[in-house]
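User: Hi! I'm new to reading protein structures, and I'd like to work through this one with a few questions. Could you help me?

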2 protein chains.
Amino acid sequence: MQGKDMPGVNGGGPMWKQLNNEPPDSPTHYSDDELMLGYRDRGMESLDYEVVESVAYREDQAQRGIWHHASYVTLKWTFALLIGIGTGLAAFFINIAVENFSGWKFAATFAVMKHSYFLGLVVYIACNGALVFSSVYIVTQFAPAAAGSGIPEIKAYLNGVDTPGILLFRTLIGKILGSIGSVGGGLALGKEGPLVHTGACIASVLGQGGSTKYNANWRWLRRFKNDRDRRDLVTCGCAAGVAAAFRSPVGGVLFALEEVTSWWRSQLLWRVFFTSAVVAIVVRTAMGWCKNGKCGHFSSGGFIIWDISGGQDDYSFYELLPMAMLGAIGGLLGALFNQLTIWISTWRRNVLHRQGNRVMIIEVLLVSLITSILSFGLPMMTTCKPCPDPAKYPDVTCPLPSSNYGNYVNFFCSNENEYNDLATIFFNTQDDAIRNLFSTNTPNEYTTRSLLTFLVMFFSLAVLTFGTAVPSGQFVPGIMIGATYGRLVGILVVNASRKNSVDEGTYALLGAASFLGGSMRMTVSLCVIMVEITNNLQLLPLIMLVLLISKAVGDAFNNGFYEEQVKLRSLPLLESRPQRFMRTLAAKDAISTRKVVQFSRVSKVSQIVAVLRSTDHNGFPVVDNLDTGEPVVIGLILRSYLLVLLQAKTDFQHNSLPGDIRGQISFRYNMRDFTKPVSSKGLSIYEINISPQEMDMYIDLQPFVNPTPYIVPEDMSLTKVYNLFRLLGLRHICVVPRPSQVVGVITRKDLLPEVLEEKNGLEELMSSRGRYFLPHDRNQPLLEDLM
Amino acid sequence: MQGKDMPGVNGGGPMWKQLNNEPPDSPTHYSDDELMLGYRDRGMESLDYEVVESVAYREDQAQRGIWHHASYVTLKWTFALLIGIGTGLAAFFINIAVENFSGWKFAATFAVMKHSYFLGLVVYIACNGALVFSSVYIVTQFAPAAAGSGIPEIKAYLNGVDTPGILLFRTLIGKILGSIGSVGGGLALGKEGPLVHTGACIASVLGQGGSTKYNANWRWLRRFKNDRDRRDLVTCGCAAGVAAAFRSPVGGVLFALEEVTSWWRSQLLWRVFFTSAVVAIVVRTAMGWCKNGKCGHFSSGGFIIWDISGGQDDYSFYELLPMAMLGAIGGLLGALFNQLTIWISTWRRNVLHRQGNRVMIIEVLLVSLITSILSFGLPMMTTCKPCPDPAKYPDVTCPLPSSNYGNYVNFFCSNENEYNDLATIFFNTQDDAIRNLFSTNTPNEYTTRSLLTFLVMFFSLAVLTFGTAVPSGQFVPGIMIGATYGRLVGILVVNASRKNSVDEGTYALLGAASFLGGSMRMTVSLCVIMVEITNNLQLLPLIMLVLLISKAVGDAFNNGFYEEQVKLRSLPLLESRPQRFMRTLAAKDAISTRKVVQFSRVSKVSQIVAVLRSTDHNGFPVVDNLDTGEPVVIGLILRSYLLVLLQAKTDFQHNSLPGDIRGQISFRYNMRDFTKPVSSKGLSIYEINISPQEMDMYIDLQPFVNPTPYIVPEDMSLTKVYNLFRLLGLRHICVVPRPSQVVGVITRKDLLPEVLEEKNGLEELMSSRGRYFLPHDRNQPLLEDLM
């Protein structure tokens with residue numbers, strides 16, 4: 001545990017770099033380990049149970065009290081609060097920046113356009129190009145992991161796969177700045193996915209106490225150095241990201257629950273919920289600061305709430321047919337979108353992006369150029385429409401002055417009483433465009449032709465843009481696409497029914513839901529998000545219906561967008577249900593090699609090094625012999641532990657006899673030493689220098705093993721094994737021969753606290769706190785304890 | 001599998017009663033078992049895995065194809081649809097009945113009151129008494145399981161504890177009719193909890209194809225005869241119940257997720273969501289039928305949506321203080337409520353209700369009398385208030401004509417321009433009272449004194465009423481209590497701030513949330529339900545804040561309401577996290593007896609009978625000897641299987657040699673025979689008659705064992721065992737000695753489909769469908785296969 005006890009370290013892998021920065025040993029230095037006490041208590045198997053179960057850990061634990069558990073719980077809630085505040089502020093910053101950059105861009109364009117349309121186009125292209133260049137430059141040069149949505153990687157992280165770099169401080173910065181550039185630069189992508197990634201990064205960076213690399217490191221924050229607590233924090237961060245992106249706190253909780261987490265505990269629900277609530281309050285408060293134009297172009301419209309509470313509050317039964325049709329269209333278009341992005345992303349990964357950063361930058365700039373030309377040029381080629389009759393629609397201001405955003409934009413229209421419907425949606429920020437598409441009581445604002453043009457063009461742009469080297473979300477483009485064909489269907493229904501209550505805006509909303517459902521295949525969370533962003537609960541059943549249909553239709557073609565992206569990145573995600581063919585396999589069919597690589601209790605250093613070099617296994621059974629000579633498995637040791645032991649060298653011994661394990665170990669290591677830092681590759685055997693003399697020494701592995709790894713008999717169905725693995729979030733399962741004896745059967749009744757207390761004596765239990773932690777009594781040989 | 005193959009059954013336990021009613025064997029008769037194929041495939045360990053793993057089952061499975069899987073999936077969705085429709089209609093029926101009975105009651109009372117107040121009181125008491133008597137009579141005589149809320153029992157059922165009678169058809173009928181009587185009769189209880197129970201019953205009854213007892217049985221519905229599918233259906237039913245009760249589909253999903261289920265799968269989310277959506281549409285459609293007064297006193301007000309969308313949409317920072325105070329009050333009062341109900345319920349269980357149905361009926365009638373007198377008498381003793389200035393509040397109709405429900409009721413006020421504020425909330429249906437408490441823009445409608453009187457009286461009535469022998473929910477009374485003190489705090493804030501935007505109705509809503517949070521300790525679901533019933537998303541962060549505080553305060557005193565009730569009923573619920581002291585225990589400390597009761601592969605009938613009579617274990621290891629003479633555990637057999645085998649007698653054999661297991665078994669039993677019908681006690685060993693000759697015969701148990709039960713080494717931490725048990729939803733875990741050998745280690749990588757396919761050959765896998773199902777090759781002795 002005492003850093004100063006460690007001999008000079010030669011290798012200097014990333015982990016040790018971090019350790020070297022640590023202050024010398026002090027009483028509070030133990031706090032990391034204490035925290036695991038609560039961690040163990042929380043009622044779920046962890047990815048890191050190996051850490052928690054080892055004797056070294058247990059001994060350490062025996063000295064801690066309930067006070068540390070309380071401080072640990074307090075800390076977790078403090079972190080939830082900090083994540084909420086941080087994510088809320090980050091979202092606020094991104095929104096303010098995007099709105100202002102866009103505002104300046106449009107203001108400059110409109111100003112120049114008064115003199116010359118061509119110069120206006122040039123200014124527009126230049127502004128967009130500059131913003132997009134800043135984004136792609138930051139991403140390619142500084143934070144490559146910030147490219148794309150980030151949600152697939154976070155999903156993989158929470159499933160147990162740590163993509164290098166994904167949760168670093170630099171990724172956080174790259175994501176925030178990159179999002180501002182790419183969204184402000186008018187590309188067909190959104191800032192919502194990146195905000196989820198941002199939330200996750202904030203959570204991870206906070207959990208690590210800042211960034212070591214950039215010297216922004218707070219020791220008091222560095223408490224959660226185990227995988228499971230990090231995962232919990234990242235889950236909170238994801239929920240916070242969604243809550244901040246859509247101002248949808250409940251949607252955030254459900255998104256974390258439905259889409260990203262793999263192991264969910266009801267205890268976590270409560271904390272995630274708190275984080276989301278904090279985000280909602282922070283965003284609201286921050287927006288309060290910006291009243292009265294204090295924040296430039298940023299107004300309340302910057303944060304998406306596309307209020308359609310004034311929309312259609314009643315629907316006829318026959319309207320369910322066009323709505324179901326919307327669902328089907330959404331499913332088809334969503335699946336098509338997924339398929340096209342798969343193809344283009346595959347090509348990018350395999351061909352284009354292999355050619356270096358320069359190509360990536362040029363690619364993005366080209367996409368920006370195309371986007372700018374289309375969004376400027378297409379409205380120019382559209383004929384203007386006369387404004388609606390002021391007598392009939394007294395609330396409508398038409399045309400709007402060109403410096404303003406809203407419906408009925410006068411863009412390039414010579415006549416005073418005309419507006420350009422394509423410019424209203426195309427030559428605008430996406431948030432405003434969606435607001436215009438969702439707008440109620442504006443029948444026939446858009447022509448079918450304009451909507452069709454926009455649909456085709458924007459769909460193509462969205463496909464083209466996704467996968468370029470900028471942070472990009474798919475929510476807002478998806479809503480744009482869906483809202484466009486939704487409005488198209490709405491126009492048809494309005495014309496067919498001639499009923500006043502039917503509203504095009506409502507159909508636009510349902511269209512948006514259907515496209516997201518057809519592409520992302522989320523249900524509950526998406527539904528809640530749609531309700532929260534439109535602030536209209538009445539449409540809930542309709543949104544549910546549309547989502548159900550679009551997901552069902554989409555599922556007939558391919559997987560959800562994020563799953564496909566995960567596959568594309570070859571991230572080894574364990575899906576929630578085992579494959580059908582696993583039923584035909586048994587546990588032994590899944591074992592890596594026929595011959596298992598294992599260690600004796602006291603192993604030679606050279607042998608350990610040889611094994612670590614020759615295999616890439618991460619867990620090794622450790623065997624010993626009973627007094628009778630029979631072999632017995634005393635546990636499982638992790639590769640990472642062995643590497644730490646080899647690096648530290650403190651446990652090397654000259655003889656091959658088991659050491660006296662008590663009293664020495666617990667002060668020699670900090671449990672944190674055994675944990676791999678997040679988003680890095682960890683220590684490698686090739687980074688450790690061991691002298692020939694040391695190679696001849698021995699290590700007693702017993703204190704470092706997890707004495708009771710999960711075991712399954714070799715002929716258990718692989719489906720069962722898979723479920724065990726997946727539900728408990730395991731890293732290793734030991735496959736053992738069919739047992740020759742059953743000591744007993746545990747049933748539900750046996751696990752009831754009352755029964756256990758009666759059987760074992762409550763007082764005894766409470767007084768024997770150390771008993772389980774110290775199963776190997778000093779006066780008793782170790783192995784008698786085992787059998 | 002062929003019912004006709006079974007010899008005459010003597011015992012006639014409840015299970016066989018059901019089987020005897022079954023039609024003779026037919027090809028479609030197999031369908032039950034096929035369904036388990038999908039069931040197995042769905043990726044989670046079931047409570048019934050023992051069924052699924054036995055050789056008999058596997059052989060049966062080997063003959064099924066993918067088509068059956070598809071029909072199984074279709075069926076599941078059909079059931080979700082049916083549950084949604086059924087629950088929606090049941091809720092509609094209950095609401096219509098309650099509103100009409102209440103309407104007639106109030107109409108009669110008001111009519112008589114015009115002549116004499118005393119006669120009015122008599123009529124009121126008589127009406128209430130009659131309604132309540134109908135409820136308590138139905139419950140005590142016909143459906144005792146319908147008493148109370150039902151949520152604790154459903155929670156226990158989904159945790160794995162089946163309370164007798166809780167999900168029967170008669171309970172469903174008793175619950176529906178009983179709710180109408182008790183709610184219509186004006187008791188201080190709600191219909192929402194019972195609706196959750198109703199939804200669960202509908203799901204269970206549908207899943208069993210109706211009720212055998214009442215000859216309302218549809219064979220085509222009888223597909224889900226295994227515990228897990230039933231549990232899934234019941235989960236859908238719960239969500240449907242909440243969705244119908246509060247018209248809160250998302251809240252329903254979250255309620256099922258947060259409060260009732262113990263094992264949750266993301267696949268289920270999707271189906272539960274669908275059920276809730278169906279309920280929302282059914283309820284809405286049904287309410288459409290009742291427009292224009294077609295349904296008597298029932299109007300849209302019958303279904304609770306207390307719309308406060310016109311309420312306070314802005315709040316100052318300083319208002320967070322009184323709101324936090326509301327949270328604290330809610331926590332305190334909620335905990336007090338829980339504690340008082342525990343005491344009174346304990347007394348009722350141990351003393352009062354032991355004295356028979358007559359006492360229960362008298363008790364309920366007494367409570368009804370007290371309630372009637374208080375709700376009639378207290379408003380009479382209150383002085384009337386003058387109506388608000390019509391110039392200042394032009395929208396207000398004051399006083400309301402006495403036949404109508406709304407604010408400013410003129411009850412007993414002689415002056416034309418006066419109203420009775422206590423009567424507005426006390427002498428009214430609870431739904432209307434809450435609507436009046438939540439009402440916005442009605443400042444100072446209530447005097448502090450009236451609210452305080454009502455708070456104390458209603459709180460006492462609610463405590464007194466809960467636990468009587470009528471169906472009773474705690475949601476609406478909780479909302480009433482909370483809204484009252486919320487409105488009190490609101491009055492204080494309004495008077496202190498003198499700001500126009502502060503609205504008493506908003507505080508009433510927050511108060512309601514705080515009391516429910518303090519009593520039930522739900523967070524996310526309650527929050528969503530509150531938002532959905534008030535149709536106001538803007539208050540979401542405030543509700544979140546209040547709930548967080550009230551739950552935290554309440555948790556300092558006792559457990560949530562439902563948990564306490566579960567404890568009180570001594571239902572052995574496994575909580576989601578293990579107790580702290582379990583860390584000090586190992587698996588072997590939890591084993592029931594030191595000596596494990598086990599069977600040989602071929603056991604004597606007399607021995608089996610003796611063991612079943614002498615222990616109450618439900619699972620027994622089965623051992624055999626290898627050719628070398630070494631013992632080996634071949635699996636675990638369930639008591640219920642042994643009982644079925646003893647009852648059927650078809651597998652009795654005269655010699656003690658292992659039989660040829662293939663080809664015979666699979667057609668002798670229907671897998672359904674092995675499943676206990678829901679809500680019954682199942683077969684007992686004392687109901688089976690076995691002749692002395694039969695006692696000397698043998699049974700080969702091998703085809704009926706679960707060959708690979710989950711195993712844990714005896715010194716594994718009990719915390720780990722608990723988590724394994726709880727997360728996988730197990731019934732039995734076999735504790736085995738520490739293994740002497742590890743065959744291999746399975747890691748994440750080994751479980752990836754690609755890796756498995758490569759290792760085992762995809763074609764081979766697909767063609768070897770029967771391989772796993774038939775591990776014991778005909779040409780190979782069984783036990784060689786095992787080691």
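This is a predicted model: local features need pLDDT of at least 70, side-chain atom pairs count only at pLDDT 80 or more; totals for chains, interfaces and linings use all residues.

User: Which strands stand at the edges of the open sheet, and why is one side of each left without a neighbour?

Analyst: The sheet is open and has 3 strands in the order β13(A)-β12(B)-β11(B), with mixed pairing. A strand at the edge has a single partner strand, so one of its sides has no neighbour in the sheet. The edge strands are β13 (744-747) of chain A and β11 (711-713) of chain B.

User: What is the average twist from one strand to the next?

Analyst: Here we follow the sheet order β13(A)-β12(B)-β11(B). From one strand to the next, the twist averages 35°.

User: Which helix packs on this sheet?

Analyst: Look for a helix that touches β13 of chain A as well as β11 and β12 of chain B. Its direction makes about 150° with that of β12(B), and the helix is α26 (residues 718-728) of chain B.

User: What is the bridge partner of Val735(A) in β13(B)?

Analyst: Strand β12 (residues 732-736) of chain A and strand β13 (residues 744-747) of chain B are antiparallel, with 4 bridges between them. In β13(B), Val735(A) is partnered by Gly744(B).

User: Which helix gives the most to the side of chain B that touches chain A?

Analyst: The contact takes 111 residues from chain B and 111 residues from chain A. On the chain B side, the top contribution is 10 residues, and they come from helix α12 (residues 266-289) of chain B.

User: How do α11(A) and α20(A) run relative to one another?

Analyst: The axes of helix α11 (residues 249-260) of chain A and helix α20 (residues 524-534) of chain A come within 8 Å and cross at roughly 165°. Angles over 145 degrees count as roughly antiparallel. Therefore α11(A) and α20(A) are roughly antiparallel.

Conventions:
Residues are numbered from 1 along each chain as its sequence is written. Chains are lettered from A and ligands numbered from 1 in the order in which they are written. Axes are lines fitted to C-alpha atoms, for helices over the stretch in contact, and angles run from 0 to 180 degrees between N-to-C directions. Helices (H or I, at least four residues) and strands (E, at least two) are DSSP runs, numbered from the N terminus. Angles under 35 degrees count as roughly parallel, over 145 as roughly antiparallel, 65 to 115 as roughly perpendicular and the rest as oblique. Two residues are in contact if their C-beta atoms, placed from the backbone, lie within 7 Å. Two strands pair if DSSP finds at least two bridges between them.
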